[in-house]
Amino acid sequence: MKEIGIYVHIPFCKRKCYYCDFVSYDNKLDKIESYVDTVIKEIEDIDLNFINEYIVNTIYFGGGTPSFLDSKYIKKILECIRKKFNILPEAEITLEVNPGTADEEKLKTYQMCGINRLSIGLQTSSDSLLLSIGRIHTYSEFLGVYNLARKVGFNNINVDLMFGLPNESLEDVKKDVENIIALNPEHISTYSLIVEEGTLLEKMLNDNNSKIVNIKDTKSKEFKLPDENIEREMYWFIKNKLERNGYKQYEISNFSKIGYESKHNTDTWKQKEYLGFGASAHGYINKVRYSNKKILSEYIFNFKNKNIEEKLDREGTLKEYMMLGLRRIEGVSISEFEKRFLLNPLLYFRFEISKLVEEELLEVDLDRIKLTKKGIDFANCVWREFI
């Protein structure tokens with residue numbers, strides 16, 4: 001049987017963060033029950049002949065804020081998945097948690113229904129910076145939910161860290177990293193803030209006369225991002241500090257202790273198949289990428305109506321494999337590429353690879369094609385060559 005992952009999108013939040021452009025709602029809470037019922041219908045609608053070809057090795061609840069829902073809904077969805085699919089006994093089952101939305105009772109329910117990995121959104125340990133990006137919690141509340149998770153027995157926890165925030169200093173980031181390391185989580189994801197079009201954060205940065213005065217740093221008259229050089233200093237400080245403290249970088253934004261890499265995300269970067277359930281959820285099956293309807297009412301009304309995002313032909317499959325593989329720090333294995341596609345990537349992509357090696361963005365090291373240190377800083381330029 002082939003292994004497959006499952007992603008479940010929970011598009012509800014207590015409040016939408018200023019930087020968020022994901023499909024999420026803080027004003028449609030009356031739709032939660034009908035939404036969960038629709039997700040279950042979508043799962044039950046999967047063809048049994050298809051299911052019998054696969055065994056589920058990862059399940060991931062993302063959002064939105066899955067922990068915002070009453071835990072009975074998460075339990076209900078998981079029970080449906082277990083009835084419908086064959087699931088590996090050691091399957092990795094992850095749920096995203098935001099401080100301020102989960103108590104001890106919820107965490108115990110998650111554990112009892114088989115969730116064995118939590119991803120907790122910290123972003124920063126500075127209360128003023130948390131306020132400035134629209135987070136609903138304080139650092140103290142984060143510590144509360146983290147310690148509760150340990151208390152009830154979770155031994156695989158990821159902490160999300162965001163850097164490059166408006167008015168953030170390198171010293172702020174250093175403090176964040178020290179605070180996280182002291183907690184000793186198994187996994188740390190660290191992301192540079194991206195200002196997405198149409199978000200409240202974009203408006204705030206473009207309008208320093210904004211009436212939202214409480215989000216501004218009291219020491220500064222401006223609300224602005226750190227410059228590019230400072231942002232890169234932040235990244236390399238985080239990388240070096242985490243590696244010196246026992247965290248291996250296995251992907252451009254992800255660090256873990258040995259054996260605690262995210263299986264769900266790693267499979268995605270290896271171009272493995274997965275199913276997506278819920279509004280805006282994506283899936284990848286038989287070289288076809290699809291997505292569900294983004295608008296909540298459209299999804300609930302007709303969950304069967306999928307958008308075909310892309311049908312990958314052979315060339316598209318090869319390019320995507322390279323692009324995803326080059327996200328990983330170990331890069332692309334030449335021998336694995338040859339075994340899977342019966343082609344040598346050094347020959348098939350000789351022009352792209354030669355150009356990127358000449359620009360010192362890629363290096364070929366024995367069996368590996370991977371990013372250089374410079375390539376990590378300009379990774380988008382590398383990935384564009386394979387789009």
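Is asparagine 286 buried or exposed? I began my notebook with that residue. The model I am reading is a predicted one.

**Entry 1: two residues with positive phi**

I looked up asparagine 286 and found a relative accessibility of 52%, so asparagine 286 counts as exposed, the cut-off being over 50%. I placed asparagine 286 in the loop that runs between β10 (282–285) and β11 (288–291). Its phi is near 50°, which is a positive value in a residue other than glycine. I noted the background for this: most residues other than glycine have a negative phi.

I then went to leucine 366, where phi is positive, about 55°, although the residue is not a glycine. Leucine 366 sits in the loop between β14 (362–365) and β15 (368–371). Its relative accessibility is 81%, and leucine 366 therefore counts as exposed.

**Entry 2: a cis peptide bond**

I checked the bond from glycine 63 to glycine 64 and found that this peptide bond is cis, with omega near 20°. Most peptide bonds are trans. Glycine 64 belongs to the loop between β2 (54–63) and α3 (71–84).

**Entry 3: two tyrosines**

Where is tyrosine 299? I found tyrosine 299 in helix α11, which covers residues 296–301. Its relative accessibility is 0%, so I put tyrosine 299 down as buried. I listed what tyrosine 299 touches, leaving out residues up to four places away in sequence: Tyr35, Thr38, Val39, Glu42, Gly278, Ala279, Asn292 and Lys293. I also took a distance from tyrosine 299 to glycine 316: they are 17 residues apart in sequence, and their C-alpha atoms are 29 Å apart in space.

Tyrosine 18 was my next stop, in the loop between β1 (2–10) and α1 (32–44). With 14% relative accessibility, tyrosine 18 counts as buried, because the cut-off for that is under 20%. From tyrosine 18 to isoleucine 120 I read 18 Å between C-alpha atoms, for a separation of 102 residues along the chain.

**Entry 4: nonpolar cores**

Which residues have the most contacts inside the largest nonpolar core? I wrote down Ile77, Phe85 and Ile115, in a core of 98 residues. I followed one of them, isoleucine 115, and found that it touches Ile74, Leu78, Ile93, Leu95, Tyr110 and Phe154, again not counting residues up to four places away in sequence. There is also a second, separate core of 13 residues, and I noted Cys17, Leu129, Leu165 and Leu193 among its members. For context, nonpolar side chains tend to be buried together in soluble globular proteins.

Two packed helices are described by the angle between their axes and the distance between the axes. I looked up both values for each pair below.

For α7 (residues 170–183) and α9 (residues 228–244), the axes come within 10 Å and cross at roughly 25°. Angles under 35 degrees count as roughly parallel, so α7 and α9 are roughly parallel to each other. Their crossing is right-handed. On the α7 side I listed Leu170, Val173, Lys174, Val177, Glu178 and Ile181, and on the α9 side Glu233, Met234, Phe237, Ile238, Lys241 and Leu242. Sorted by class, this contact of α7 with α9 holds 8 nonpolar, no polar and 4 charged residues.

**Entry 5: helices α4 and α6**

I read an angle of about 45° for α4 (residues 104–112) packing with α6 (residues 139–152), and the axes are 10 Å apart. I therefore recorded α4 as oblique to α6. The crossing of α4 and α6 is right-handed. From α4 the contact takes Glu104, Leu107, Lys108 and Gln111, and from α6 it takes Val145, Leu148, Ala149, Lys151 and Val152. By class, I have 5 nonpolar, 1 polar and 3 charged residues for the contact of α4 with α6.

**Entry 6: helices α12 and α13**

How do α12 and α13 run relative to each other, roughly parallel or roughly antiparallel? Their axes cross at roughly 160° and come within 12 Å, for residues 314–325 in α12 and 334–341 in α13. Angles over 145 degrees count as roughly antiparallel, so that is the description I wrote down for α12 and α13. The crossing is right-handed. I listed Arg314, Thr317, Leu318, Tyr321 and Met322 of α12 against Glu336, Phe337, Arg340 and Phe341 of α13. The contact of α12 with α13 divides by class into 5 nonpolar, 1 polar and 3 charged residues.

Conventions. Residues numbered from 1 in each chain as written. Predicted model: local features only at pLDDT ≥ 70, side-chain atom pairs only at ≥ 80, totals over all residues. Heavy atoms only, no water. Axes fitted to C-alpha atoms, helices over the stretch in contact; angles between N-to-C directions. Helix = DSSP H or I, 4+ residues; strand = E, 2+ residues; numbered from the N terminus. Parallel < 35°, antiparallel > 145°, perpendicular 65-115°, else oblique. Left-handed = near helix turned anticlockwise from the far one by under 90°. Contact = heavy atoms within 4.5 Å. Nonpolar A, V, L, I, M, F, W, Y, C, P; charged D, E, K, R; others polar. Core = buried A, V, L, I, M, F, W, Y, C linked by side-chain atoms within 4.5 Å. Buried < 20%, exposed > 50% of the residue type's maximum accessible area, 1.4 Å probe, protein only.
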